[in-house]
Amino acid sequence: MASRSFARPHRPHRLRSILGGSAGNLVEWYDWYAYSAFTLYFAPHFFPKGDQTAQLLNAAAVFAVGFLMRPIGGWLMGVYGDRHGRKAGLTLSVTLMCLGSLIIAVTPGYETIGMAAPALLVIARLLQGLSVGGEYGASATYLSEMAGKKNRGFFSSFQYVTLISGQLVALLVLLVLQAVLSEAALDAWGWRVPFAIGGVLAVLVFWLRRRLAETESFENAKGKGRSGFGALFREHPREAALVMLLTAGGTLAFYAYSIYLQKFLVNTAGFDRATASQINAAALFGFMLIQPLAGALSDRIGRKPLMVGFGVLGVLLTWPIFTTLETVRSPIAAFALMLAALVIVTGYTSINAVVKAELFPAHIRTLGVALPYALANALFGGTAEYVALWFKDAGWERGFYWYVTAMIGVSLITYLKMRDTAKHSQILED
């Protein structure tokens, strides 16, 4: 059997593989979030002139289109990762991300090429959506399988550490450009710089990922089953449904508390763009630091208590946090409220990868993690900004707060009814 010829990774080798996979994940998510971080600057270049909210709505719609491709990416690249290896899936995903970033970096504006500008923007986001759809499943599976049983929650939490780091690096690039370029230069051409940086970094990650070790779980699963769309929903319908339901509230809360809040601080609370970026960056940095702590806690007390904690606090506090932020004028107070919201969602973000990986057998694990998650993300995460801006444009902004609260409640019911995956894990290797 393949497992007899596979050398179990020593701890230093395992750590190098986890760090290598995490570094690649950081660049993938930097490329993905650069779009959101620079939306306020590039939206006028890709869409006809109009008021700021209308342009943001158009840009948010394209952001959501990228999410619509994530289920397709999760399906195609999930099957690819199950059949050809986690390393192969990770390498393919970063190639697509590189191409999408470079397209955005070089595409002329609407005034130069007309409707071709937003069309190329959509194509770039479709490629990036395919990439991220496969990236999540491949990286979540890789980190969960490569980590040892005793520290699986801790090490798998680095998926969100690097996801947040990618978002944070995108914001830091924004802050640096805001500091060194004039507002006019940043509006005119400076917004292209982060996408060019992302394309170059993705090339470096391609080389890094080709040198990663394959996981023992993948080697042991050879010949034990075939991954595919039909097999997933025919043989594991309950697990697939669980992934969608536990993701719905978590992903919506994450995007509401992080991505949308940057726009909320400008468009509703009245902060200038630079201050809103600084608040967002500081809160995300604190959020990033607590992910491994929560992951390690799940190794001691289980995954379920953390998810239930997120569900309860999210239902109780989402409305008060958003309504208070509407009238906040102090950057410190805004930072404290945003960080509080992110601490709440940590009960989901820190362990969601390992929870999903622990639900499926190895031969279909990448697809099982990627596709249902991507479906829930397309429905709830990718549309978060658009729905929020739609409520605002309709004159009932607070409807969005109720929407977030309700979806967290749906996930809470799921958390309460499901078994603790730490005690019933399908990852059999130590």
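**Figure 1. Helix 14 and its length in the predicted model.** This view comes from a predicted model. Helix 14 covers residues 237-257, which makes 21 residues. At 1.5 Å a residue, helix 14 should span 30 Å. How many of the 21 residues of helix 14 are buried? The count is 16, so helix 14 is largely enclosed by the rest of the structure.

Figure 2. His236 sits in the loop between helix 13 and helix 14. Is His236 buried or exposed? Its relative accessibility is 12%. Buried means under 20%, so His236 counts as buried. Leaving aside neighbours within four places in sequence, His236 is in contact with Ala231, Phe360, Pro361 and Ile364. Pro361 is 125 residues away from His236 along the chain. Even so, the C-alpha atoms of His236 and Pro361 are separated by 9.7 Å.

Figure 3. Ile72, Trp75, Leu76, Phe229 and Phe233 make a nonpolar surface patch of about 450 Å². Two elements give two or more residues to this patch: helix 4 (70-84) and helix 13 (229-235). Which helix gives the most? Helix 4 does, with three residues. Phe233 belongs to helix 13. Its relative accessible area is 31%, so Phe233 is partly exposed.

Figure 4. Helix 7 has 31 residues and should span 45 Å at 1.5 Å a residue. Its end C-alpha atoms are 44 Å apart, which agrees. Helix 7 is mostly covered, with 25 of its 31 residues buried. Arg209 is buried, with a relative accessible area of 0%. Glu135 is buried too, with a relative accessible area of 0%.

Figure 5. Side chains of opposite charge can pair when their charged atoms come close. The model has twelve salt bridges. One of them joins the side chains of Glu385 and Lys263, at 3.0 Å from N to O. This pair links distant parts of the chain, 122 residues apart. Glu385 is in helix 21 (residues 384-393), and Lys263 is in helix 15 (residues 259-267). Both Glu385 and Lys263 are buried. Another salt bridge pairs Asp299 with Arg303, and here the closest N and O atoms are 3.1 Å apart. Asp299 is partly exposed, with a relative accessible area of 24%. Arg303 counts as buried, at 3% relative accessibility. Elsewhere, salt bridges that share partners join Asp82, Arg86, Glu145 and Arg365 into one network.

**Figure 6. Asn280 and its contacts.** Asn280 lies in helix 16 (residues 273-301). Asn280 is buried, with a relative accessible area of 2%. What does Asn280 contact, leaving aside its neighbours within four places in sequence? The answer is Leu171, Ser258, Gln262 and Met338.

**Figure 7. Helix 22 and its cover.** Helix 22 runs over residues 399-417, a stretch of 19 residues. At 1.5 Å a residue, helix 22 should span 27 Å. Its end C-alpha atoms are 28 Å apart, which agrees. Which residues of helix 22 are buried? Among them are Gly399, Phe400, Tyr401, Val404, Met407 and Ile408. The buried set also includes Leu412 and Tyr415. The cover over these buried residues includes helix 14 and helix 15. It also includes helix 17 (304-327), helix 18 (331-349), helix 20 (365-381) and helix 21.

Methods. Residues are numbered from 1 along each chain as its sequence is written. This is a predicted model: local features need pLDDT of at least 70, side-chain atom pairs count only at pLDDT 80 or more; totals for chains, interfaces and linings use all residues. Side-chain values use heavy atoms; hydrogens and water are left out. Helices (H or I, at least four residues) and strands (E, at least two) are DSSP runs, numbered from the N terminus. The expected span of a helix is 1.5 Å times one less than its number of residues. Buried means under 20% relative accessible area, exposed over 50%, partly exposed in between (1.4 Å probe, protein chains only). A salt bridge is a side-chain nitrogen of Lys or Arg within 4 Å of a carboxyl oxygen of Asp or Glu. Patches are made of residues with over 30% relative accessible area and no salt bridge: like charges are joined within 9 Å, nonpolar side chains (Val, Leu, Ile, Met, Phe, Trp, Tyr) within 5 Å. Accessible areas come from the Shrake-Rupley method with a 1.4 Å probe; for residues, only the protein chains shown count as cover. Contact means heavy atoms within 4.5 Å.
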